Amino acid sequence: MTAVLVVEQCLNGLQLGVMLFLMAAGLTLVFGIMNLVNLAHGSLYMVGAYLSVAFLEMSGSFLAAVALALPATLVVGMLVEVVALRSLYERDHLDQVLATFGLILFFNEAVSIVWGRAALFTSVPPALGGFVEILPGIRYPVYRATIILVGLAVALGLALVVSRTRVGMLVRAGASNRTMVAALGVNVRLLYTVVFGVGAALAGLGGLMAGPIYTVQPGMGEEILILVFVVIVIGGIGSIRGAVVGAIVVGMVDTLGRAFLKPMLATVLSPPAADSAGPALASMLIYILMAAVLYFRPQGLFPAVRG
Amino acid sequence: MASRVRAVTAVAGAAALAAVPVVAAALQEPFYLDLVRRVMIFAIAAVSLDLILGYGGMVSFGHAAYLGIGAYAVAVPALHGVHSGWLQWPLAMGVSALAALVIGAISLRTSGVYFIMITLAFAQMLYYLGISIEAWGGDDGMRLARRSRFGGPVDLADPYVFYYVVLALLLAVLALGHRVIHARFGMVVRAARSNEARARAIGFSPFRYRLAAFVMAGAVCGLAGALLANQTEYVTPGFMHWTRSGDIMVMVILGGMGTFVGPVAGAVAFLLLENVLSAWTVHWQIILGPLLILVVLYARRGLWGAVSGGSLGRG
Amino acid sequence: MSQVLFGVSLRVGAGQVVTLLGRNGMGKTTTVRAIMGLLPLRAGRIELDGRPLHGLAPHRVARTGLGLVPEGRQVFPNLTVHENLVATAANRRRVGAPWTAEKVFALFPQLAARARAMAATLSGGEQQMVAIGRALMTNPRLLVLDEATEGLAPLVRAEIWACLERLKADGLSILLIDKHVDALTRLADVHYVLEKGRVVWSGPSAELRAREDIQHRYLGV
Amino acid sequence: MADPLLEVRGLRKRFGGLVATDDVDLDAGEGETLAVIGPNGAGKTTLIAQLSGDLRPDAGVIRFAGEDVTRLDAPARSARGLARSFQITSVFRDFPALDNVALAVQAHAGHSFRFWRPAGADRALREPARLVLEQVGLGMRADVVAGVLAHGEQRQLEIAMALATRPRLLLLDEPMAGMGAEESQQMIRLLGTLKRAHTIVLVEHDMDAVFALADRIAVMVYGRVIAVGSPETIRASAEVRRAYLGEAS
């Protein structure tokens with residue numbers, strides 16, 4: 001286990017964490033202010049990935065694909081909110097789970113009708129190809145480094161919007177008391193639709209960036225969605241800060257566990273035992289972490305203030 | 001009045017299920033035998049989920065985990081040459097109960113949306129665990145060399161015998177569930193769902209009772225998993241995939257939760273719908289998805305609720 | 001949903017301070033919620049300057065110029081004092097000199113020092129001031145206060161009354177729910193007494209002061 | 001005087017900047033009815049919640065029948081004989097009235113890990129429940145689903161559930177809230193009959209009820225108990241009038 005490998009895996013963990021954060025931000029905001037459990041958030045991630053692939057093929061330009069796919073995902077998100085989810089805010093979580101489960105089935109099938117069931121592969125845009133020397137002797141793919149930077153920039157921007165702007169104040173105020181926000185003259189319905197759309201666009205951004213490094217296929221949203229649930233449970237529902245911390249922690253633990261658990265076990269167990277126990281344990285690591293966090297803090301690390 | 005309608009429908013349903021093999025034999029369509037057996041196995045799983053979801057208000061989104069555990073509890077001993085159902089099936093129920101005990105003890109510390117996410121996450125953990133265990137076939141799973149062996153006339157290789165075993169177990173589970181839910185234990189679980197603060201104020205600590213119900217539901221679903229392994233004669237981590245948990249939950253809601261016949265009716269409706277729609281188009285889920293949303297928006301009490309006028313928490 | 005109000009009629013003239021009086025559970029808060037569009041009406045009309053408000057969504061009602069100071073204050077606990085004031089601020093009627101956070105701080109000097117504090121950490125009196133300031137920042141024509149002095153210490157209460165006096169002097173119309181008859185007869189012009197969802201008495205302050213029987217029977221004084 | 005049944009010392013609870021109960025001392029002697037009055041927001045419901053175990057105090061001690069129960073949760077306190085009613089009606093809405101009360105009986109009849117015998121045919125639960133229902137005047141309504149009972153009846157049902165736990169102390173949080181005049185009179189009569197056999201801590205706004213029932217009255221304002229005394233002394237106290245009835249001067 002060399003230092004280079006450790007640094008590289010840490011960066012990979014950070015990169016996964018950043019992707020998880022893009023998903024978690026929308027999900028936690030939507031839950032925090034609208035009290036809506038949206039299982040279909042992963043579908044929006046998938047829609048973002050497919051749309052960017054489609055736009056890339058049409059335009060041939062990565063930038064154009066980004067410029068088209070993000071607003072398109074935003075619109076898809078707002079449509080979903082208006083058509084299917086708006087009337088579910090007052091319902092109990094079970095109804096929300098069921099309806100958004102229905103949405104997942106719909107979206108997964110819809111993309112497989114349009115693009116087929118087979119995975120699509122896209123390549124890293126040429127401008128972001130190659131490697132960059134991050135530390136002396138440590139080279140890291142430019143594309144993955146870009147994801148980290150974009151993700152951190154979005155996190156920072158989102159934190160600023162939520163903490164400094166009027167819209168951010170309304171979002172926080174709505175989380176604690178939506179009736180009062182409405183009674184003071186704010187169109188809460190519209191606010192919700194916009195917030196939902198922005199959450200969708202962030203998920204779409206995640207999907208868009210995921211395209212070239214993971215596979216684009218129906219159901220890709222759910223795999224990451226469940227990781228995102230773990231993120232949110234660890235971080236505390238409704239808290240942006242919790243989403244950041246939870247995402248980085250989960251991204252790191254998962255990546256490092258998969259990379260190093262087996263060799264570490266090999267130092268104490270026999271090689272065949274380590275071979276079989278390593279991957280099994282690595283796949284369970286974040287869930288064990290979640291259980292541990294819950295045991296000590298059932299509300300997550302950063303429980304959101306609610307009125 | 002409503003209770004009479006319910007009783008009549010329930011008896012008629014049981015009689016219809018008992019008649020299926022006869023009809024299938026007469027029509028020379030063994031496929032129906034297979035299909036209805038599968039329906040009944042999922043009905044057992046759905047009934048077990050309804051025990052905690054409908055009566056206990058615990059929205060467990062990881063119920064397929066026990067289905068998978070039960071199935072592996074048949075396939076893993078079989079892999080090592082142990083085919084006795086007397087060992088496999090109690091093992092399925094025991095290990096499922098143990099898993100439910102651990103998962104429940106952690107997730108019942110929370111409530112609401114946390115509970116949903118945590119149960120989902122734990123089930124998904126077991127799914128990935130299944131994938132990562134190469135010795136048990138990893139992603140591909142295992143073929144079951146032969147069905148569980150019980151000796152005597154109970155030979156599951158005979159599709160008719162297997163059918164009636166499943167039917168008997170379904171009826172037994174329904175009967176047991178009915179007793180439990182109306183006994184003191186069931187009253188506490190239902191009361192805690194109805195009004196937790198009130199339940200605590202009159203002196204109940206809901207946690208232990210909920211956990212016990214959670215474990216019972218896990219064990220019964222583990223049994224359904226053992227049956228499912230025998231039904232399909234192979235086992236994969238896919239049994240535990242979260243969409244499977246979603247399917248079981250849909251069956252319960254579709255049929256009408258908090259009732260006894262509801263989950264059975266839901267399993268029938270769901271699997272028949274799947275059968276009909278998938279014969280029509282491979283993209284049948286594009287119809288099922290919006291259908292689900294419509295059910296949630298406009299038919300919350302489910303099929304059985306609409307038929308019998310039964311309502312939540314009783315029946 | 002059971003019926004709680006039975007044919008309640010009341011009017012607030014421009015620049016007037018009007019009160020709704022009555023014991024707990026007599027329908028005062030329900031009346032306010034109905035006016036604000038937070039509860040559906042079974043029958044009846046609500047108008048502001050002749051424009052109908054009934055049937056409008058709460059945010060539309062508020063935008064016509066109603067500023068609500070709700071029962072129990074309901075400040076946003078996870079926002080700072082300053083954020084509470086500016087988050088929903090608006091000048092939809094384009095008044096010449098709109099309310100600003102500075103003006104609110106001038107009205108309640110003790111809030112200025114706590115501008116950056118989370119509203120959850122304020123005392124009850126300070127939270128009440130935030131709630132009033134927050135409503136003022138929407139530049140309403142009619143300020144609606146539901147139990148604005150409930151549970152406050154006498155000195156703080158006096159400060160709230162004094163603030164309302166000043167707002168009245170500036171020409172703001174005010175609809176007030178409260179229990180402190182003595183203070184109200186000094187501040188308000190007209191009173192409506194509610195009993196079990198009906199207006200059982202209404203009249204000017206001088207008359208209410210004289211009618212000790214009304215005060216005893218319906219207000220429990 | 002013998003040791004009081006309920007003894008509260010230095011009870012304190014804050015919510016952010018709000019002091020809901022501020023150094024509260026209270027006693028309720030065996031068989032006594034103690035009324036707690038005060039304006040809304042004075043901290044009365046918070047006090048009840050701390051006495052019943054639904055809220056944990058920041059500081060202070062609650063002793064019940066000589067035992068320190070400060071750290072016990074609500075079910076544990078219920079087991080020791082502390083029963084409460086809620087300000088906002090809280091019943092099992094989808095169960096019949098009789099089942100509501102039978103559940104309360106069941107909660108105090110040993111553990112409920114009994115999986116076989118139908119509770120609905122269990123005379124050990126149904127008989128006492130029926131008696132209590134009759135005691136509060138709901139005997140004829142036993143089979144009606146609680147959610148469809150009239151508001152006043154639901155409040156009576158709450159009392160019945162509290163009684164069915166065979167409590168030593170009843171904590172009643174505004175039992176008359178939202179009642180019409182006639183229903184209130186009925187409730188006062190009911191509480192009047194209970195008063196002889198039970199110790200009661202009563203939070204109430206209805207002064208008719210308070211003066212009809214209370215042996216002693218505690219006045220709470222801004223989280224503090226500013227006066228405790230007999231109804232006559234409380235009625236006469238200028239301080240109470242000023243704080244509670246709102247003369248600002």
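This is a predicted model: local features need pLDDT of at least 70, side-chain atom pairs count only at pLDDT 80 or more; totals for chains, interfaces and linings use all residues.
Residues are numbered from 1 along each chain as its sequence is written, chains are lettered from A and ligands numbered from 1 in the order in which they are written, and side-chain values use heavy atoms, with hydrogens and water left out.

## Which chains touch

Contact here means heavy atoms within 4.5 Å. There are 4 pairs of chains that touch, and among them chains A and B have the most contacts. No contact joins chain A and chain D, whose closest C-alpha atoms lie 11 Å apart, and none joins chain B and chain C, where the closest C-alpha atoms lie 20 Å apart.

Two of the interfaces are set out below, with buried area taken as the accessible area (1.4 Å probe) that two parts lose on being put together, summed over both.

| Interface | Buried area | Given by carbon and sulfur atoms |
|---|---|---|
| Chain A and chain B | about 4100 Å² | 80% |
| Chain D and chain B | about 2900 Å² | 60% |

## Chain A against chain B

In chain A, the residues that lose the most area to chain B are L94(A), L98(A) and F101(A), which together make up 16% of what that side buries. The contact involves 45 residues of chain A and 40 residues of chain B. The count of salt bridges between these two chains is 0, a salt bridge being a side-chain nitrogen of Lys or Arg within 4 Å of a carboxyl oxygen of Asp or Glu. Across the interface of chain A and chain B there are 7 residue pairs in polar contact, both residues being at pLDDT 80 or more. A polar contact is a pair of N or O atoms within 3.5 Å; within protein, one must be able to donate a hydrogen and the other to accept it, and residues adjacent in sequence count only if both atoms are side-chain atoms.

Helices (H or I, at least four residues) and strands (E, at least two) are DSSP runs, numbered from the N terminus. On the side of chain A that touches chain B, at least two residues come from each of α4 (93-115), α9 (220-235) and α11 (271-296) of chain A, and α4(A) gives the most, with 16 residues. By class, that side has 30 nonpolar, 8 polar and 7 charged residues, where Ala, Val, Leu, Ile, Met, Phe, Trp, Tyr, Cys and Pro count as nonpolar, Asp, Glu, Lys and Arg as charged, and the others, Gly among them, as polar.

One residue of helix α11 of chain A is S283(A). Is S283(A) buried or exposed? S283(A) is buried, with a relative accessible area of 4%; buried means under 20%, exposed over 50%, and partly exposed in between (1.4 Å probe, protein chains only). Leaving aside residues up to four places away in sequence, S283(A) touches R258(A) as well as Y128(B), L129(B) and S132(B). A polar atom of the side chain of S283(A) lies 2.8 Å from the backbone oxygen of A280(A).

## Chain D against chain B

Here the contact takes 36 residues from chain D and 29 residues from chain B. Across this interface there are 4 salt bridges; D73(D) forms a salt bridge with R200(B), with the closest N and O atoms 3.7 Å apart. There are also 18 residue pairs in polar contact across the interface of chain D and chain B, both residues being at pLDDT 80 or more.

## Strands in chains C and D

Two strands pair if DSSP finds at least two bridges between them. In chain C, 5 of the 5 residues of strand β1 (residues 17-21) are buried, so that strand is largely enclosed by the rest of the structure. On one side V17(C), T19(C) and L21(C) are buried, and on the other V18(C) and L20(C) are buried. Strand β1(C) runs parallel to β6 (residues 173-177) of chain C, joined by 4 bridges, and T19(C) has L176(C) as its bridge partner in β6(C). Another 4 bridges join β1(C) to the parallel strand β7 (residues 190-195) of chain C, where the bridge partner of L20(C) is Y192(C).

In chain D, 4 strands form an open sheet in the order β2-β1-β4-β5, with antiparallel pairing. Strands β2 (18-28) and β5 (67-68) of chain D stand at the edges with a single partner strand each, so one side of each is left without a neighbour in the sheet.
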